[in-house]
Amino acid sequence: MENNTKLANGFKTFILNLLKKKSPDEIIETAKNSELKKTLNAFDLIMLGIGAVIGTGIFTIIGIAMVGEQGTHGAGPAVVISMVIAMFACLFSALCYSEFASMIPAAGSVYTYTYVTMGEFMAWIIGWILMLEYAISNITVACSWTGYFMEFLKGFSHILPNWLVNPPIWLINDYRTAVSVYQNMGLDPSVEIPKIFGIIPFCINLPAILLMFIITILLIQGIKESTKAATILVFVKLFVILLFIFAGAFYVAPENWVPFSPNGIKGVLSGAFLIFFAYVGVDAVSSAAEETKNPQKSLPIGIIGTLIVCTIVYTGTALVLSGMVPLDKINILAPITAAMNSVGLYKIGGLIAVGALAGLTSVLLVYQLGTTRILYAMARDNFLPKSFQKIHKKHGTPHIVTWAAGIVVIIGALFMDLKISAELCDFGTFANFMIICIAVLILRKTDPNRPRPFKVPFVPLFPILGIILCGGLMLHGFMTLGISAVLFPVWIILGAIIYFAYGYQNHRRFENNKKDAI
């Protein structure tokens, strides 16, 4: 009987620990005493947001969303409707982000907000999904950056040596991509790709790896320095995109908009699913909350301002692109550059390649910033190694965790499939956007009197609409996609295993040590 009582009490304690919440006041106090430098304002946050959102989506994914790929339906010119759906799905979640970020201005984004409303275990799972979302998306962007970089170098083929302009395929691609390229060229990959010890095929995306090293070093130098770099890159890519919209508008042929939606609602929803890949940048803004001067005012402006600017730019680009080029002639790898070249505007096409490089670089920069701040928040809660909490004495940045995040992306760039990476990122983004909407509903009930510098209007309607839209697009992905729809649940299960094997135990040891010290 005594053993049964102990077992029952132990199980009860275990469940209570899983559901244990963190006080918002405790989180705010910890953030106030943080060694992270508070230097960002509303303009900086908008620049970070635009830097994260306008990148791969507008320079690469937009072409795939319109034309479609194997297993997916293209939206055609109706990609504009796809963008509106994605925007609204993001808008309701962005409002919820704004309420939390202004109320609890701390690092960690949805991980922190989930800890306050749903407890320890759900917070860990959301943090684990955020790691997938950011790291995987950066792998996708880094590999896309290499493609644009090599096209850019080819413009200087008359100046640069041939080995730099036309390096071996295996030196600028992951293994799967290299195999596909060699096969399309009519070459045997097993012959062309070198092997380690004569057995293991060796492929490496060297440009992406070198870029990630540079970005990691820049992030360690300081948040303000990183933001200045992102701002410069944002202005470059906005100039280039606006140039495309205004110059391309003169070449729009309305007949290219017919049929407007060649694949009906399936194509529109598939387009919305893919385009949503870009909107993870909204989460990246909130992850910088602890380094913002006046977070109660600046964070809502930064989040909502990002969404408004980016939606206008995306919609304008889609209308011009679909009007310039017939659907069957859209280049899915570099659609905007190819569109300019198709009408003889080669110089503008070259500028767009520069803008694409700037855009993708800014995305990498901001995504890596978000990754490190989330990992830092989880380490500070003692779910990850203590070394991840360390702040650089001179630069005021979490330098160890920044290196760790950079190395993860570098390793992933060696073997990750780009399409699967983008789809996995989408699943993660939908999950987190749904959770932030649920968290707002919970805290409105459990802590209604807490001061809220920004409040989501029309609660519970707006959060519920966010849940329905994101959940619907996520369900569409599970029903239509293959490998990624299986890998996402596998990632969650793996996260739960790591939590119970390491995170739970490590956190309990910290709590016990804290009790002993008292």
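This is a short tour of a predicted model, stop by stop, with something to select at each one.

Before you click, note that residues are numbered from 1 along each chain as its sequence is written, and that side-chain values use heavy atoms, with hydrogens and water left out. Because the model is predicted, local features need pLDDT of at least 70 and side-chain atom pairs count only at pLDDT 80 or more, while totals for chains, interfaces and linings use all residues.

**Stop 1: a pair of helices**

Select residues 206-221, helix α11, and then residues 223-248, helix α12. Helix names here follow DSSP runs numbered from the N terminus (H or I, at least four residues, for helices; E, at least two, for strands). Two packed helices are described by the angle between their axes and the distance between the axes. For α11 and α12 the angle is about 130 degrees, and the axes are 5 Å apart. That makes α11 oblique to α12. Axes are lines fitted to C-alpha atoms, for helices over the stretch in contact, with angles running from 0 to 180 degrees between N-to-C directions. On that scale, under 35 degrees is roughly parallel, over 145 roughly antiparallel, 65 to 115 roughly perpendicular, and the rest oblique.

Now show side chains: Leu218, Leu219 and Gln221 of α11 meet Glu225, Ser226 and Ala229 of α12. Contact means heavy atoms within 4.5 Å. Sorted by class, this contact has 3 nonpolar, 2 polar and 1 charged residues. (Ala, Val, Leu, Ile, Met, Phe, Trp, Tyr, Cys and Pro count as nonpolar; Asp, Glu, Lys and Arg as charged; the others, Gly among them, as polar.)

**Stop 2: cis prolines**

Go to the loop between α12 and α13 (264-275) and pick proline 259. A cis peptide bond joins valine 258 to proline 259, with omega about -5 degrees.

Then jump to the loop between α19 (418-446) and α20 (461-480), where you'll find proline 460. The bond from valine 459 to proline 460 is cis, with omega near 10 degrees.

**Stop 3: positive phi values**

Stay in the loop between α19 and α20 and click phenylalanine 458. Its phi is near 55 degrees, a positive value in a residue other than glycine. At 59% relative accessibility, phenylalanine 458 counts as exposed. The cut-offs: buried is under 20% relative accessible area, exposed is over 50%, and partly exposed is in between (1.4 Å probe, protein chains only).

Next, asparagine 382, in the loop between α17 (346-380) and α18 (399-412). Asparagine 382 has a positive phi of about 65 degrees, although it is not a glycine. Buried or exposed? Asparagine 382 counts as buried, at 10% relative accessibility.

**Stop 4: the second largest pocket**

Select Met131, Ala135, Ile136, Val408 and Trp491: of the 22 residues lining the second largest pocket, these are the closest to its centre. The pocket's volume is about 540 Å³, that is, the space filled by probe spheres set on grid points joined across faces, edges and corners. A pocket, on a 1 Å grid over the protein atoms alone, is an open set of points with protein on both sides within 12 Å along at least five of seven lines, whereas a cavity is a set where a 1.4 Å probe fits but cannot get out; lining residues have an atom within 4 Å of a point.

Which helix gives the most to the lining? That is α18, with 6 residues. Helices α7 (120-154), α17, α18 and α21 (483-517) each supply at least two. Color by class and the lining divides into 19 nonpolar, 3 polar and no charged residues.

**Stop 5: along α21**

Start with serine 484 in α21. Serine 484 is buried, with a relative accessible area of 0%. Not counting residues up to four places away in sequence, serine 484 touches Ile420, Glu423, Leu424 and Phe427.

Then move to leucine 494, also found in α21. Leucine 494 is partly exposed at 39% relative accessibility. Draw a distance from its C-alpha to that of isoleucine 125: they are 369 residues apart along the chain and separated by 9.8 Å.

**Stop 6: glycine 119**

Finish in the loop between α6 (110-117) and α7, at glycine 119. Glycine 119 is buried, with 0% relative accessible area. Leaving aside neighbours within four places in sequence, glycine 119 is in contact with Leu18, Leu19, Lys20, Lys21 and Thr114.
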